[in-house]
Amino acid sequence: MTTTIATRFGQAVLVLLLAFTASFLLLQALPGDAILIKYQNPEMGLSPEQIAGIRLRYGADAPIWAQYGNTLVNFLQGSFGYSVQAGVPVNTVLAANAWPTLRLASLGVVVAVLLAGLVAFAATLAPFNWLRNALQMVPSLMISVPVFWLGIMLIQLFSFRLRLVPIINPSEFQALILPVATLAVPIAAPLAQILIRSLDEIETQPFVAVARAKGASRRFVLWHHVLRNALLPVLTIAGVLFGELLAGAVVTETVFGINGLGRVTEQAVSNQDTAVLQAIVVLAALGFVLINLFVDLLAPLIDPRLNRPVGATA
Amino acid sequence: MGHPCGTRVEKEANVSLQSLALLHRPLGWGLVALLLGSVSASTAIAQDTPIEGGTLVYLEQQAHTNLYPPAGGFYPNSGILNQITDKLTWQNPATLEIEPWLAESWQTNADATEYVFKLRPGVTFSDGTPLDAAAVAKNFDTFGLGNKDLGYPVAEAINNYQGSEVIDPLTVKFTFKAAAPGFLQATSVIGSGIVAPSVLEQPYDELGDATKIIGSGPFVVENEVLGQSLNLKVREDYAWGPPNIGHTGRAYLDGIQLIVTPEDSVRIGALLSGQADFIRQIQAYDEAQVEAQGYLIHSAPTRGVNNNVTFRPENPIVADIKVRQALTAATNAGEIVSTLFSAHYPQATSVIASTAAGYVDLSDKLAFDPEKAKALLDKAGWVVGADGIREKDGVKLELSAYESLPQPQNRATLQLLSQQWAAVGAKLNVLAGDSGSAIQDNLDPLKTPLRPAMVGRADPDVIKSNFYPTNRDSLLQKGGTNPNATWEDPALNELLLAIAAEPDTKRRLELTADVQAYLLDQAYVIPIFEEPQVFAGAPYVRGIGFDAVARPSFYNVWLAPR
């Protein structure tokens with residue numbers, strides 16, 4: 001077990017380094033850079049000499065390998081540089097935005113899981129065949145709804161028309177209701193879809209027939225025998241959904257005008273705020289690594305067969 | 001300072017009718033509601049006894065960036081700076097005269113190379129330190145000369161600055177390398193807000209943190225959630241408002257809550273559902289729904305270089321003056337305004353706005369005349385090809401421009417322009433791209449033979465700001481932002497410099513008239529409309545004021561009972 005974790009840790013560091021390097025190279029390859037975008041803006045009214053001076057000060061025209069080395073060393077020391085656009089250190093930007101996104105995302109996941117379970121069980125247990133069929137199509141509908149549209153519609157309906165939840169100056173709880181709902185829907189869709197599929201599949205397995213033959217009700221079998229077996233694919237997809245969560249946060253945070261890494265990402269991309277983007281890429285990579293590690297460690301608890309060495313099953 | 005409300009509301013009603021008709025909406029009830037709305041709004045404004053107290057919820061479209069005062073050109077920055085800093089002088093938006101504020105009086109020598117300001121006594125920054133001659137000197141030294149070590153750039157509005165001298169604690173003298181007649185006005189602009197000297201000792205890169213900006217203004221930054229919201233608190237001991245602004249004591253509001261709300265529909269919906277009191281940036285097509293509910297549109301002129309497209313004569317196609325003149329004649333600015341905008345966007349009649357200092361009406365040079373355009377292109381040797389686009393020596397009359405995101409509906413404007421030009425056989429490609437590519441391509445006249453632009457500033461210097469190579473360099477001249485440029489127009493540059501250096505006001509306005517005519521005779525620029533900043537407010541928000549270039553001031557704002 002220790003060797004596994006050590007190997008996984010080594011892999012994680014490698015993934016992070018690769019993510020850092022790839023994002024660095026890609027950002028360098030883009031035309032223009034943050035300093036150009038901010039200071040070449042006519043509203044700043046700077047002369048070419050002044051801009052040249054600023055570029056020199058930021059080291060923006062240094063050779064690429066020197067910039068790479070500098071950035072990497074600074075990253076290792078926990079210093080992510082300055083956000084050219086916001087005019088504050090990147091650390092401040094991350095500190096102000098990490099918690100809101102983390103809270104939004106984790107609540108989003110919880111609600112998404114509940115929603116997915118609800119849809120999947122309803123689609124499996126509903127009384128009539130036509131109703132089951134209709135419910136099975138709900139996930140496709142949920143995934144087809146654009147997040148920004150859903151967000152705006154929720155705001156228009158619940159905040160402006162029914163006036164149930166204020167969007168400006170909401171309480172901490174109110175501030176989360178609509179964004180979490182917006183974020184949860186697209187995350188819940190693939191979860192529900194896979195859960196429905198795998199519930200269907202597992203239900204055809206011989207052991208289910210045995211359990212039913214022993215007199216267990218369909219609901220009991222589903223809950224006690226099928227669900228656990230059906231969870232594994234869902235857990236695997238949950239790791240992949242982390243990316244979806246980040247993308248959802250970008251749109252949700254912008255539409256709702258709330259702080260968070262998603263909105264920071266959106267602004268950093270449009271302004272090519274390299275230092276911020278670099279930090280976010282590494283942070284996102286770290287998130288992926290951690291979630292996948294978590295999924296890998298959790299999987300054997302759900303399905304003990306995964307714990308056995310590969311050779312033994314042969 | 002309020003708006004001349006009666007006439008303004010009337011005008012708005014007219015426009016809204018027009019725009020409604022244009023949208024082919026059924027009139028009927030909408031019209032009635034609109035008229036009722038306008039009427040109730042204008043009567044409501046008539047009773048005017050300010051009430052102290054309350055917090056204004058102000059929705060801003062974008063987060064602020066750096067709050068170094070000269071970075072105030074960016075609207076989200078100026079929306080904050082204008083509340084927390086004061087300036088030496090106040091430009092009366094009604095008369096454009098320069099009036100006392102932090103400076104009680106001033107003197108200039110005959111050739112405008114020396115200015116002496118006598119400061120008002122008893123003014124303090126919000127941290128308690130005195131706003132004295134040394135503080136003012138430190139501010140202008142930084143604005144005028146920059147600070148290489150800490151990374152401060154030079155302010156756009158301040159030309160030829162040499163240095164300062166503290167004569168006594170309340171008297172400061174500024175000297176200039178060459179005549180600087182625009183300096184007095186420059187002390188009134190948003191970029192010249194005075195901050196505590198300690199602010200200017202911090203690295204430039206850290207001034208995005210609003211809580212670090214210590215000014216002497218009527219409001220103080222209480223706290224900030226970076227990129228999301230900012231709370232301003234009234235300064236109880238404030239007693240130095242500009243004499244002619246209405247009152248000089250503390251602001252009426254207890255505070256302002258500024259919330260960044262990027263989504264247009266959310267800002268407008270929040271205002272109309274009573275969750276917000278005042279919002280910035282309403283597109284022309286949204287004005288009707290705001291007014292229909294009795295809410296007010298506040299449109300403030302920016303009094304500078306009009307919203308336009310500027311040619312880059314380095315490009316071989318538009319190097320020919322006939323082509324530029326033809327495209328000017330092919331442009332139907334009236335159609336652009338009536339189709340896409342509202343009466344808050346007056347059609348341009350010169351390079352600068354009709355509300356700008358030194359404006360002359362040159363609408364005869366901007367007449368829409370497609371026949372003249374075709375004739376000019378024929379004369380210049382451009383022959384209509386099989387696809388309807390003109391050609392000359394195997395080259396198509398095809399031009400490209402990037403849309404400019406900060407300008408209202410710029411993409412739609414360029415697309416309509418493209419249709420108008422197509423009617424005379426010229427093709428205009430409207431490009432959209434990431435900001436990096438746009439900025440780089442905009443420095444290359446071969447890729448972008450024209451570019452949309454505008455500048456707001458209520459001084460004749462604004463024309464130089466837009467066209468002079470070492471300023472915004474709209475034409476991409478030699479010695480400017482394009483390192484490979486070979487083209488320049490020395491006659492134009494001489495005129496621009498003369499405006500910036502002419503100490504005699506009357507002569508300066510004459511030169512301003514000359515340069516407007518010159519720019520249009522050379523057809524360097526096609527002005528389209530006078531760009532306003534459009535805000536909307538709830539009917540109970542009273543006393544909203546704007547500085548001469550449309551920066552909102554909340555000093556006089558009070559909230560009437562709802």
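Visitor: Which helix and which strand of chain B do the buried residues of H10(B) pack against?

Guide: The buried residues of H10(B) pack against helix H8 (321-330) and strand E15 (390-392) of chain B. Before going further, note that this is a predicted model, in which local features need pLDDT of at least 70, side-chain atom pairs count only at pLDDT 80 or more, and totals for chains, interfaces and linings use all residues. Residues are numbered from 1 along each chain as its sequence is written, while chains are lettered from A and ligands numbered from 1 in the order in which they are written.

Visitor: How many C-beta neighbours decide what "buried" is, and what are helices and strands here?

Guide: A residue is buried if 20 or more other C-beta atoms lie within 10 Å of its own, exposed if 12 or fewer, and partly exposed in between, with the C-beta atoms placed from the backbone. Helices (H or I, at least four residues) and strands (E, at least two) are DSSP runs, numbered from the N terminus. In helix H10 (residues 370-379) of chain B, the residues B:Ala373, B:Leu376 and B:Leu377 are buried. Seen down the axis of H10(B), its buried residues fall within an arc of 95°, so they line one face of the helix; the arc is that of the directions from the helix axis to the C-beta atoms. On the other side of H10(B), B:Glu371 and B:Lys379 are exposed. Just after H10(B) comes B:Gly381, which takes a positive phi of about 95°.

Visitor: What is the order of the strands in the open sheet of three strands in chain B?

Guide: Strands of a sheet pair through backbone hydrogen bonds, either parallel or antiparallel. Two strands count as paired if DSSP finds at least two bridges between them. The open sheet of three strands in chain B has the order E19-E13-E20, with antiparallel pairing. Strand E19 (450-455) and strand E20 (525-529) of chain B stand at the edges, each with a single partner strand, so one side of each is left without a neighbour in the sheet. From one strand to the next, the twist averages 30°, where axes are lines fitted to C-alpha atoms, for helices over the stretch in contact, and angles run from 0 to 180 degrees between N-to-C directions. Strand E13 (residues 305-311) of chain B is joined to E19(B) by five bridges, and the two run antiparallel; B:Thr310, for instance, has B:Arg451 in E19(B) as its bridge partner.

Visitor: Is B:Ile526 buried or exposed?

Guide: B:Ile526 lies in strand E20 of chain B, and with 24 C-beta neighbours inside 10 Å, B:Ile526 counts as buried. Two residues are in contact if their C-beta atoms, placed from the backbone, lie within 7 Å. Leaving aside its neighbours within four places in sequence, B:Ile526 is in contact with B:Asn308, B:Val309, B:Leu327, B:Thr328 and B:Thr331.

Visitor: Which strands stand at the edges of the open sheet of seven strands?

Guide: That sheet of chain B has the order E8-E9-E10-E1-E11-E21-E12, with mixed pairing. Strand E8 (219-225) and strand E12 (296-301) of chain B stand at the edges, each with a single partner strand, so one side of each is left without a neighbour in the sheet. Here the twist averages 20° from one strand to the next. Within the sheet, strand E9 (residues 229-234) and strand E10 (residues 255-260) of chain B pair in the antiparallel sense over five bridges, and B:Asn231 has B:Gln257 in E10(B) as its bridge partner. Helix H6 (residues 264-272) of chain B lies across strand E1 (55-60), strand E11 (278-280) and strand E21 (532-537) of chain B, running at about 165° to E11(B).

Visitor: How many residues of each chain are in contact with the other chain?

Guide: In this model, 46 residues of chain A are in contact with 44 residues of chain B. The residues of the side of chain A that touches chain B divide into 23 nonpolar, 18 polar and five charged; Ala, Val, Leu, Ile, Met, Phe, Trp, Tyr, Cys and Pro count as nonpolar, Asp, Glu, Lys and Arg as charged, and the others, Gly among them, as polar.

Visitor: How many helices and strands does each chain have?

Guide: Chain B comes to 15 helices and 25 strands, and chain A has 13 helices and two strands. Of the 562 residues of chain B, 56% count as buried, while of the 314 residues of chain A, 35% do.
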